[in-house]
There are 2 protein chains.
Amino acid sequence: MTEISSERLRDRFDRFNEIGATERGGVNRPTLSDANKRARDRLVEWFQDAGLEVTVDEVGNIFGRRAGRNDDLAPVLVGSHVDSQYNGGRYDGVIGVLGGLEIVETLNDAGVETERPIEVVSWSNEEGVRFQPDMLGSGVFAGKFDPEFARSLEDKEGKRFGEELERIGYRGDAPCEPRELHSYFELHVEQGPKLADAGLSVGVVEGVYGFVWFDVTFSGSADHAGPTPMHLRHDALVATSDVVEAVRRIAGTEGDDLVGTVGSLDVSPNSINVIPETVDFTVDFRSYDDETVDRAADRVREEIEHAAAREDVEASHEVIMRIESQAFDDGCIETVAAAADDVGADYTRLVSGAGHDASYLNGFCPTAMVFVPSVGGVSHTEDEYTEWTDVVTGTEVLHRAVLEKANEPEVDETEVDR
Amino acid sequence: MTEISSERLRDRFDRFNEIGATERGGVNRPTLSDANKRARDRLVEWFQDAGLEVTVDEVGNIFGRRAGRNDDLAPVLVGSHVDSQYNGGRYDGVIGVLGGLEIVETLNDAGVETERPIEVVSWSNEEGVRFQPDMLGSGVFAGKFDPEFARSLEDKEGKRFGEELERIGYRGDAPCEPRELHSYFELHVEQGPKLADAGLSVGVVEGVYGFVWFDVTFSGSADHAGPTPMHLRHDALVATSDVVEAVRRIAGTEGDDLVGTVGSLDVSPNSINVIPETVDFTVDFRSYDDETVDRAADRVREEIEHAAAREDVEASHEVIMRIESQAFDDGCIETVAAAADDVGADYTRLVSGAGHDASYLNGFCPTAMVFVPSVGGVSHTEDEYTEWTDVVTGTEVLHRAVLEKANEPEVDETEVDR
């Protein structure tokens with residue numbers, strides 16, 4: 001069979017990442033920014049050049065469709081996202097979308113027709129840095145969120161997702177709603193160190209960690225840092241520091257794979273000579289074992305109450321997100337593994353610590369993912385890096401998996417092994 | 001002797017605090033804001049109504065001079081400041097300036113002439129919430145800072161102190177520089193709980209705590225909170241939390257009066273699912289014993305290094321301010337104590353945990369302060385409160401102390417007991 005073209009993919013990768021390029025070698029293309037618009041424009045142009053039929057839906061997801069021999073069959077969907085973190089990396093998301101396009105070009109060049117249609121997708125607002133929640137476009141598509149909810153989201157400046165989407169010209173006419181898909185594949189950087197540390201080129205992803213997110217607030221007293229004796233203080237930051245340490249301790253004592261992070265923290269009034277009155281912060285726990293996540297959540301609730309009692313401050317906390325771990329479709333996983341064997345890739349099976357659009361797709365169609373290494377485990381920064389040979393190998397694995405599935409004949413779709 | 005008028009002072013206090021009044025009962029008059037301009041305008045008008053000769057200097061300090069019988073003698077200076085914290089209290093600073101004006105009105109009404117001139121001062125930018133450093137106007141007056149340095153300071157929006165001063169019309173013609181003063185007195189709220197807890201009306205302030213301020217930065221790695229195993233993390237916030245706890249521990253184990261605070265803390269990138277890469281924070285230690293302050297500073301430096309080593313992050317720290325403790329002038333202290341005895345006030349002697357304009361004045365003329373209680377020890381918030389009878393008692397003590405000093409005959413000023 002014809003293999004994908006490393007040169008064509010590399011050329012596209014480099015030209016795509018000129019858009020929003022940063023001085024330190026990353027890209028800055030947060031959702032619905034001007035740079036994100038230019039990236040979308042280029043993608044649509046390339047989709048059209050490759051003969052894909054382009055559809056933009058009401059939350060800005062972009063689909064490019066290549067007809068199948070039996071065009072009424074449910075399509076195989078392949079893709080990822082092209083929005084970035086603020087000053088993020090060049091690989092995250094991009095290789096999954098350009099990889100899907102490269103598959104189409106390879107099939108076109110070889111004159112290969114597939115039984116089923118193949119669609120390449122670029123999901124809207126995967127990163128969630130400007131509008132929360134993240135994985136928004138795929139979440140709406142999967143029926144987790146309402147399109148109107150998505151359009152009503154506001155960024156920190158009060159700009160609405162819907163208005164910004166219209167501003168950049170990507171509020172499409174197509175409804176964003178679940179429709180019949182045969183399967184979904186996504187190529188992505190691992191964002192962790194396992195593949196790179198083991199010297200492997202590819203990861204066959206069997207599932208995604210479950211996670212819980214807390215918003216926590218401690219409220220104490222904003223007294224003057226000089227004349228207020230220590231025993232009269234109600235310092236919201238001292239209580240918070242107890243919890244930061246507790247999160248580290250819980251992650252170290254509950255389950256092998258549990259990770260815990262306090263990533264966001266805001267102090268008020270945040271003045272050098274005023275005792276912190278309020279601190280708002282977040283807690284993130286993840287594990288592939290949902291019972292572990294729940295135990296960690298219970299323990300941190302206790303620690304929050306204990307910290308509040310010790311410092312005599314008020315505590316409030318709520319779970320703002322709880323997503324159960326995802327086990328991908330056995331059939332899709334084995335298709336990816338067989339493709340990796342076929343290519344002769346050095347690979348392992350693993351689960352993803354990060355959430356992906358594939359997590360939502362897994363909810364209603366057979367899904368799996370292909371990982372390529374993140375050198376040093378680094379992602380979400382300009383230093384993100386993957387060896388190009390690994391990108392090529394991962395894309396070739398994706399190519400063979402998609403081709404295999406796109407040639408699956410018509411079956412009673414309800415019987416697909418989930 | 002004629003006593004000050006509680007009614008007149010109260011009327012002025014209430015009318016003054018209409019300017020920048022907040023819904024929750026405080027005032028919002030940060031330095032060089034429009035509300036601060038209106039407060040200055042009203043003060044100048046009242047100074048002129050009281051027959052004071054008004055001078056505004058090049059950094060915006062406002063002086064109102066009442067001639068003495070021997071007008072060439074060095075004047076007694078009395079005052080404080082009228083700028084506020086953002087959404088601060090109504091008493092902080094204001095009672096010291098309006099108290100000085102009330103003394104002048106009382107002397108005017110009684111037709112009392114003093115040997116020396118009396119000047120009432122409102123210092124520019126005492127709070128330091130918009131432009132750092134704080135106590136700026138008195139610092140320039142005392143020769144600690146250059147006027148050009150003061151005018152070059154920028155707020156967070158990049159507006160310069162000098163330009164904002166001109167904008168509100170308070171860049172005066174008079175040079176701001178040390179000149180001969182006989183003595184300086186300042187009435188202020190305690191900002192701590194001692195007087196209120198002891199049920200006293202007045203504090204005779206013998207000095208001000210020394211303090212040290214650190215800026216600290218930890219720099220780690222901004223990896224994804226999901227796929228990054230705990231043992232590979234370099235989390236700047238975990239290291240910071242160690243130091244927050246260490247500051248609390250140091251304050252609890254070094255010297256009776258030592259207080260320690262982490263008041264300001266900024267996390268980057270400050271995202272729920274990204275491990276904190278950098279944290280910038282401050283440390284504030286204060287004690288009346290400078291050796292205690294220095295020991296605390298040494299210990300926190302060690303703790304910063306240890307925390308950085310444990311988490312394998314980079315640490316940088318620097319002392320951005322170190323002011324030694326101030327012992328006020330024995331003569332002025334005893335004058336205040338005698339005035340408090342004379343008035344029959346319930347008082348104690350204490351030292352101030354907070355810095356004041358008096359700290360800088362103490363550098364070159366005999367100085368002392370009068371405190372009145374802060375109920376609950378609360379200050380720098382809208383909840384700041386002092387019983388009115390205590391404000392009146394404190395002002396009467398100030399009145400008698402100033403009158404006593406203003407009638408001291410000419411002496412060889414170099415012989416004043418410092």
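This is a predicted model: local features need pLDDT of at least 70, side-chain atom pairs count only at pLDDT 80 or more; totals for chains, interfaces and linings use all residues.
Residues are numbered from 1 along each chain as its sequence is written, chains are lettered from A and ligands numbered from 1 in the order in which they are written, and side-chain values use heavy atoms, with hydrogens and water left out.

**Exercise 1. Describe how chain A is split into domains and what lies between them.**

Step 1: Find the pieces. Domain 1 of chain A covers 6-208 + 326-415, and domain 2 covers 210-323; such bounds come from an automatic or database domain assignment. Their C-alpha centres are 35 Å apart.

Step 2: Look at who touches whom. Contact means heavy atoms within 4.5 Å. On that rule, 12 residues of domain 1 of chain A meet 6 residues of domain 2 of chain A.

Step 3: Size it up. The size of an interface is often given as the accessible area lost when the parts come together. Here the two domains of chain A bury about 610 Å² between them, with 62% of it on carbon and sulfur atoms (accessible area lost, 1.4 Å probe, summed over both parts).

Step 4: Check the polar side. You'll find 0 salt bridges between domain 1 and domain 2 of chain A (a salt bridge is a side-chain nitrogen of Lys or Arg within 4 Å of a carboxyl oxygen of Asp or Glu). There is 1 residue pair in polar contact across this interface, both at pLDDT 80 or more (N or O atoms within 3.5 Å; within protein, one able to donate a hydrogen and the other to accept it, with residues adjacent in sequence counting only if both atoms are side-chain atoms).

**Exercise 2. Work out the surroundings of R130(A).**

Step 1: R130(A) sits in the loop between β4 (118-123) and α4 (136-141) of chain A. Helices (H or I, at least four residues) and strands (E, at least two) are DSSP runs, numbered from the N terminus.

Step 2: Buried or exposed? R130(A) has 12% relative accessibility, so it counts as buried (buried is under 20% relative accessible area, exposed over 50%, partly exposed in between; 1.4 Å probe, protein chains only).

Step 3: List partners. The side chains of R130(A) and D155(A) make a polar contact of 3.0 Å. A polar atom of the R130(A) side chain is also 3.4 Å from the backbone oxygen of L32(A).

Step 4: Zoom out. R130(A) and D155(A) belong to a salt-bridge network together with D34(A), E164(A) and R167(A).

**Exercise 3. Which residue forms a salt bridge with E119(A)?**

Step 1: Recall the idea. Side chains of opposite charge can pair when their charged atoms come close.

Step 2: Name the partner. It's R65(A), with the closest N and O atoms 2.9 Å from E119(A). This pair links strand β4 to strand β2 (residues 62-66) of chain A, 54 residues apart.

Step 3: Check the burial. E119(A) is buried, at 4% relative accessibility.

**Exercise 4. Describe the salt bridge between D290(B) and R322(B).**

Step 1: Get the distance. The closest N and O atoms of D290(B) and R322(B) are 3.0 Å apart.

Step 2: Locate both ends. D290(B) is in helix α9 (residues 290-311) and R322(B) in strand β11 (residues 314-323) of chain B, 32 residues apart.

Step 3: Check accessibility. D290(B) is buried at 14%, whereas R322(B) is partly exposed at 26%.

Note on methods: Lists of a residue's contacts leave out its neighbours within four places in sequence.
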